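Work through these exercises with the model open. Each task is followed by its solution.

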Amino acid sequence: MKTDLLPVLDNPPLVRERGRKLSICLINPRFEPSYWGFDFALPLYPGDKRSTMISGSLTAVAGLCGDYHDVRLIDENVEEIDWESLRSYDIVGVTGMNVQKARTRQILLKLQELQVFTVVGGPFVSVQEEFFAGLCDVAFVGEAETTWPQFLEDFASGKPTQPRYEQSQRTNMLTVPRPRFDLLKVDRYASGALQYSRGCPFQCEFCDIIVIYGRRPRVKDPDQLVAELDDMRRAGFHSAFIVDDNFIGDKKKAKALLEKLIPWMEEHNYPLRLTTEASIDLAEDAELLDMMYRANFRSVFIGIETPRLDSLTETKKFQNVRGDSLGAKLARIQKAGLDINAGFIVGFDSDDKGIFEDQYRFIQENGITLAMVGMLQAIPKTPLYERLKKDGRLVEEDPSCNLVPKQMTRDELRNGYWELVRRLYTPEAYLERYFKVYESPEYLERRAEICRKAGEGKRLPTLWYGLKLTWALFWALLMDGSLFSVGSVYLKYFFTQNLRHRRDIVGFAQFVNRCVTHWHFYKFTRELTAGRLRAYNTL
Ligand code: B12
Ligand code: SF4
């Protein structure tokens, strides 16, 4: 059966026997420094922030263990693993995505040495099971809302278990238990993460989301999500990422959720700044845009991929081709008061060597401050992977570029890509983009309004925060020897642009914050292109 057509489960099976009480430990392996990791920015923020956001997988799987068993979560991104202590657990589970491959392997080998019963789950094993052969006792492929509790029940009652589990039906999101945020060291994360929906109705050729989670969007009940947000607020988070692949995959249901979310935000004085991922057809629904703004969404991540229509058509990203221009759509989203972060890809068959310049211009002209650019990657099980395999164009042993492009050599693609990201993250290019969106009076007005409503304009705390960040940034630049080359550009833009648009304290603090973010991207892209960091094929 085609996996995107799997039926949705009506009711989860009842857990009949609980067996003995198990002790379970779940691990999220360490990431290499990355675009998303904010590795060079986090140390500059007040407090002890060690990771951008909590792992939605760890908290979800912990929630699925129920309240009978003992569960411990270890996120290696914020804490060390005490290996000896792992011997005492009945089961150690490891989650992870493809970029965590090397560390995942090391952890699994170590667990074998310790002779611990080991299971794996998550997006990587879901697309590349063969990597885990001989490395774990049990593999969970795809969603695990029914397979994991069933396995625990069998394991705890001493019944035989299988080496591999895969649900025959998709999870009904209405039955998903509350994630266990309380088991994480929440003060070490910059942001919370929670999930509203799974699945996306579109059919982009390179996408593994629709392979793992299907094309029919499945959503939680609005009350379920509001309860999770409330947990997050009480845990002390000020921002949260709704980690859906397409928050508006079902627009009607997204609106029903927002109807609940808006009064909740008002009632609690906008405690969480929200961000999510959405497809570009968001720009075609003014009501939805306005509701997201009123529900305190501050930014949205959009898979734009490329400004070239033939590349978009080739990759079946038809939703980006329909209607008016990409630029017009992006402007509408910005005018509604939302920042746009976006993903871009180079290396499609229709891309010739001019693509790097086209991408650069498009990103600059549209004020996409946070642009995440990657080289096209063929993920196993996707239609792209199958096509390239058939054409003999896969280079599986190279994690930095696993395919042969059509109109360039692999080196030309790699070099063009590195040059593009270096250009995008010069301080001048970055700050040009940042102030581009300030040219829209509607954007500025709406941002000022939501900050006011959220009480972010309180002068003293905001000033204090801005000054602390400035001091930390000053030292980082000084120690790096970049005070003149980078710091002077920040100063120039502060006086020529920031003071022109925003003379208030919020504007100052936001500007410094954006400079700190830039510092991460700048350092990261330079370290990466100088070969001092491990290169994956995406930022
Ligand atoms: C949030 C997120 C992030 C966060 C990470 C937060 C964190 N601390 O982990 C950020 C923004 C930092 C991020 C970055 C990246 N991400 Co990301 N991310 C996601 C996203 C949108 C949601 C993850 C999540 O929380 N899901 C919710 C949980 C509940 O779902 P789940 O993980 O699938 O868990 C279920 C099952 O898999 C299973 N399960 C999971 N783990 C385990 C463990 C055990 C023991 C068991 C039994 C079961 C089990 O049970 C769960 C319930 O059913 C996913 C897409 C997605 N829909 O999942 C992409 C995704 C995981 N990311 C992906 C990628 C490629 C990246 C990046 C490389 C960049 C990019 N192109 O997006 C970077 C790399 C990060 C780095 N630092 O190097 C890919 C991974 C591909 C793959 N197959 O491995 C995904 C699938 C999206 C995609 N197709 O592009 N990401
Ligand atoms: S819009 Fe995003 S999640 Fe949906 S199919 Fe395309 S790449 Fe995948």
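**Exercise 1.** How do the residues of the shell around ligand 1 divide into nonpolar, polar and charged?

*Solution.* This is a predicted model: local features need pLDDT of at least 70, side-chain atom pairs count only at pLDDT 80 or more, and totals for chains, interfaces and linings use all residues. Residues are numbered from 1 along each chain as its sequence is written, chains are lettered from A and ligands numbered from 1 in the order in which they are written, and side-chain values use heavy atoms, with hydrogens and water left out.

Start with the shell. Ligand 1 is surrounded by 39 residues (a heavy atom within 4 Å). T95, N98, D208, Y213 and D245 are the closest. Now sort by class: 21 are nonpolar, 12 polar and 6 charged. Ala, Val, Leu, Ile, Met, Phe, Trp, Tyr, Cys and Pro count as nonpolar, Asp, Glu, Lys and Arg as charged, the others, Gly among them, as polar.

**Exercise 2.** Find side-chain polar atoms beside ligand 1, then the helix that gives the most to its shell.

*Solution.* Take the nitrogen atoms of ligand 1. One is 2.7 Å from a polar side-chain atom of D245. One is 2.8 Å from a side-chain N or O atom of S34. Next, an oxygen atom of ligand 1 lies 2.8 Å from a side-chain N or O atom of E145. Two or more shell residues come from each of helix 1 (56-64), strand 4 (91-94), helix 4 (123-127) and helix 6 (209-213). Helices are DSSP runs (H or I, at least four residues), as are strands (E, at least two), numbered from the N terminus. Helix 1 gives the most, 4 residues.

Conventions: Polar contact = N/O pair within 3.5 Å; in protein donor to acceptor, adjacent residues only side chain to side chain.
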